[in-house]
Structures are given as C-alpha cells and as structure tokens.
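Visitor: I have a structure here that I have not seen before. Could you take me through it?

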Amino acid sequence: RQDDLSQNELRLLADNIRDRMNSGIIILYSVTEGQAAIVCMVTKDLTDRFHAGDILKNITKLTGGRGGGKPDMAQGGTKEIDKLETVLGSLNEIIKEKA
C-alpha cells in the first residue's frame, strides 16, 4: 500500500518492482480521497499459471469494485477500503496454495 498515488503512478511503481523481480505476483493499491486504485502484475514466467486480470477481477468482485486486464497486468478500483484490506489479507494464502 502506497497512498496518494494516481493510477498511473501506481502502475509505474508496480513496473519498477516487477523489473527488479525474477518471478512473482505484485498487488499494489493506493488510497486517495476514499477510493483505492489497484494494480496487479504477474511476471511473464507465471502467466501460464496465474492471470493478473482474473486475480484483480476476483479482488474487486469481493470488494464491490471493478477491474480487469491482461494476463500480465490489470488495473481496477474500489471504494470499500476495509473490504479490500480483508480480501488482500487472505489472498496471500490463496496464491501460496496454488504455487
């Protein structure tokens, strides 16, 4: 979580993190004026097992928001910040089980 970033700034931050990673899934969000912008990225080596758009759709579905995207990058948002934090807390375990 890095608050007060625009959707574009959040995507740039995720790009920078992904570029330094060998392999992984990145989920970042930023809260600005009561709304969370969310970015999910999956490194190319994992897109055959994980789809960033599907991950983000599941997150936003559970948090009353919207989003989607490609296998390697997705963007979305929600106004339900408390729900987002709860979902992301359990999402780590779900991703670990599938890895």
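**A loop and a tour of the chain**

Guide: Start with E33, which sits in the loop between β1 (25-32) and β2 (35-42). Strands here are DSSP runs of E of at least two residues, helices are runs of H or I of at least four, and both are numbered from the N terminus.

Visitor: Before going on, what kind of model is this?

Guide: The model is predicted, so local features need pLDDT of at least 70 and side-chain atom pairs count only at pLDDT 80 or more, while totals for chains, interfaces and linings use all residues. Residues are numbered from 1 along each chain as its sequence is written, and side-chain values use heavy atoms, with hydrogens and water left out.

Visitor: Back to E33, then. Is it buried or exposed?

Guide: E33 counts as exposed, at 80% relative accessibility. The cut-offs are under 20% relative accessible area for buried, over 50% for exposed, and partly exposed in between, with a 1.4 Å probe and protein chains only.

Visitor: What about the phi of E33?

Guide: Phi of E33 is positive, about 50°, although E33 is not a glycine. D4 also has a positive phi, near 65°, and is a residue other than glycine. D4 is placed in the segment before α1 and is exposed, with a relative accessible area of 59%.

Visitor: Step back a bit. How many helices and strands does the chain have?

Guide: There are 3 helices and 4 strands. In sequence order the pattern is α-β-β-α-β-β-α. The radius of gyration is 12 Å, close to the 13 Å that the globule rule gives for 99 residues, so the chain is as compact as a globular protein of that length. That radius is taken over C-alpha atoms, and the globule rule is 2.2 Å times the number of residues to the power 0.38.

Visitor: And what box do the C-alpha atoms fill?

Guide: Along the principal axes, the box is roughly 35 × 25 × 20 Å. Of the 99 residues, 38% count as buried.

Visitor: Which strand is A74 in, and is it buried or exposed?

Guide: A74 lies in strand β4 (residues 73-78), and at 0% relative accessibility A74 counts as buried. Leaving aside neighbours within four places in sequence, A74 is in contact (heavy atoms within 4.5 Å) with I38, V39, C40, A52, G53, L56, G68 and G69. The C-alpha atoms of A74 and K57 are separated by 8.7 Å, and the two residues are 17 apart along the chain.

Visitor: What does M73 touch?

Guide: M73 is found in strand β4 as well. With neighbours within four places in sequence left aside, its contacts are R11, V39, C40, M41 and A52. M73 counts as buried, at 8% relative accessibility. M73 and V39 are 34 residues apart in sequence and 7.4 Å apart in space, C-alpha to C-alpha.

Visitor: Now a helix. Where is T60?

Guide: T60 is found in helix α2 (residues 52-63) and is buried, with a relative accessible area of 2%. A polar atom of the T60 side chain lies 3.2 Å from the backbone oxygen of K57. Leaving aside neighbours within four places in sequence, T60 is in contact with I38, G65, R66, G67 and G77.

Visitor: And S90, where is that?

Guide: S90 is in helix α3 (residues 81-98). S90 is partly exposed, with a relative accessible area of 38%. Its side chain reaches the backbone oxygen of V87 at 3.1 Å. S90 and I25 are 65 residues apart in sequence and 15 Å apart in space, C-alpha to C-alpha.

Definitions and conventions
Polar contact = N/O pair within 3.5 Å; in protein donor to acceptor, adjacent residues only side chain to side chain.
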